[in-house]
Amino acid sequence: MNKLYVLLNKLFSDPAPAAETPSVAVKIPFLRIILDPYSLFIDQVGKFLAVGSFIALVMTILSLSAGQGFMCVYQDYRAHGYCVDNIWIYGLVRMINLFLFAVFMTKWYQVCYQNRPLNCDTLCRIDRTDFKTFGTLLAFILLSLVSALSLYLLIVRVPNPDWRIELLYFAVVSLGFWVPFLLIRFYSVFGFIMDGEKIPSLRLIWNKSSGNMLRLLCSISLLFVISVFMIFGFMNNFRLAAARNAVYISWIVEYLYNLMLLMLLAFFVNHCRLQQIYLFGRKDHGQ
């Protein structure tokens with residue numbers, strides 16, 4: 001009977017069925033894309049402490065050794081005696097920290113979603129994926145800064161007496177403000193890079209994420225609000241630290257600050273992974 005059924009199916013089915021459109025838009029669950037980045041973190045908080053503690057220690061040693069510690073933001077707080085005001089050192093340290101962010105993103109992804117073992121080889125080995133993640137992260141940051149460039153061009157402009165030219169200038173320059181919002185729809189790229197897989201075409205990602213802008217914007221906005229609240233709440237807690245404890249406090253504050261940044265970054269990685277899952281039907285590796 002099974003063979004007969006297969007034969008009849010071949011006879012009466014469309015000999016050239018239309019292929020399913022791979023770029024059809026996919027609806028992302030509203031509450032899950034907003035809340036799951038944090039629930040996934042809570043489920044894997046032990047792994048975060050293992051991965052984040054190591055990366056945060058490296059970042060702390062780097063920042064304090066270069067005189068770029070968090071406590072240097074207090075201009076009257078120089079008791080620990082080592083704050084370097086050099087734009088080149090500042091830029092170099094920030095670029096290395098950005099690379100360490102990319103390394104953390106990759107290691108966190110591998111440990112949580114690829115079930116990599118928590119050992120020295122996983123945490124210390126730098127491979128091609130880390131550099132790809134770093135390049136992609138840098139590209140997204142530079143593209144997001146287009147909005148800052150647009151703001152700068154609007155501030156320094158010389159008003160034109162011709163209202164038509166002035167209106168055209170505003171219309172063209174203001175397009176840069178849309179770039180960060182459009183980039184939100186492409187965060188699933190990070191998931192493919194950290195998976196070591198080929199990235200789908202940007203057109204395919206755009207089509208699949210169509211109709212989900214509000215959901216993605218709400219999720220990223222919540223992460224942004226949490227980040228601002230935590231960072232600014234952290235800033236004023238150690239201004240009145242006693243000078244005699246400056247060295248110890250500088251190390252502790254720097255370490256906690258870096259660990260907090262890595263936690264926020266883990267939320268972002270989880271969001272990117274969820275975009276990849278919902279848009280492309282990825283398996284969640286047991287999560």
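I note that the model is predicted.

**Entry: overall make-up.** I counted the elements and got 13 helices and zero strands. I then looked up burial and found that buried residues make up 41% of the 287 residues. For the surface I noted an accessible area of about 16,700 Å², with 69% of this area belonging to carbon and sulfur atoms.

**Entry: the core.** I looked for the largest nonpolar core and found that it has 65 residues. Phe-48, Phe-104 and Phe-190 are the residues with the most contacts inside this core. I listed the elements that give two or more residues to the core: α2 (30–43), α3 (45–65), α4 (87–113), α6 (128–144), α10 (188–195), α11 (202–208), α12 (213–235) and α13 (246–280). Of these, α13 gives the most, with 20 residues.

**Entry: Phe-104.** Which residues is Phe-104 in contact with, leaving aside its neighbours within four places in sequence? I found Phe-48, Val-51, Gly-52, Ile-55, Leu-262, Leu-265 and Ala-266.

**Entry: α3 against α4.** I checked how these two helices pack and got an angle of about 170°, with their axes 10 Å apart. Angles over 145 degrees count as roughly antiparallel, and α3 and α4 are therefore roughly antiparallel to each other. On the α3 side the contact is made by Lys-47, Phe-48, Val-51, Gly-52, Ile-55, Val-58, Met-59, Leu-62 and Ser-63. On the α4 side I noted a list of residues that includes Val-93, Ile-96, Leu-100, Phe-104, Lys-107, Trp-108 and Cys-112. I sorted the contact of α3 with α4 by class and got 15 nonpolar, three polar and two charged residues.

**Entry: α10.** How many of the eight residues of α10 are buried? I found that eight of the eight are, so α10 is largely enclosed by the rest of the structure. The buried residues are Ser-188, Val-189, Phe-190, Gly-191, Phe-192, Ile-193, Met-194 and Asp-195. Phe-190 was already on my page as one of the core residues with the most contacts. Just after α10, I noted that Gly-196 takes a positive phi of about 75°.

Key
Residues are numbered from 1 along each chain as its sequence is written. This is a predicted model: local features need pLDDT of at least 70, side-chain atom pairs count only at pLDDT 80 or more; totals for chains, interfaces and linings use all residues. Side-chain values use heavy atoms; hydrogens and water are left out. A nonpolar core is a set of buried Ala, Val, Leu, Ile, Met, Phe, Trp, Tyr and Cys residues joined through side-chain atoms within 4.5 Å. Buried means under 20% relative accessible area, exposed over 50%, partly exposed in between (1.4 Å probe, protein chains only). Helices (H or I, at least four residues) and strands (E, at least two) are DSSP runs, numbered from the N terminus. Contact means heavy atoms within 4.5 Å. Axes are lines fitted to C-alpha atoms, for helices over the stretch in contact, and angles run from 0 to 180 degrees between N-to-C directions. Angles under 35 degrees count as roughly parallel, over 145 as roughly antiparallel, 65 to 115 as roughly perpendicular and the rest as oblique. Ala, Val, Leu, Ile, Met, Phe, Trp, Tyr, Cys and Pro count as nonpolar, Asp, Glu, Lys and Arg as charged, and the others, Gly among them, as polar. Accessible areas come from the Shrake-Rupley method with a 1.4 Å probe; for residues, only the protein chains shown count as cover.
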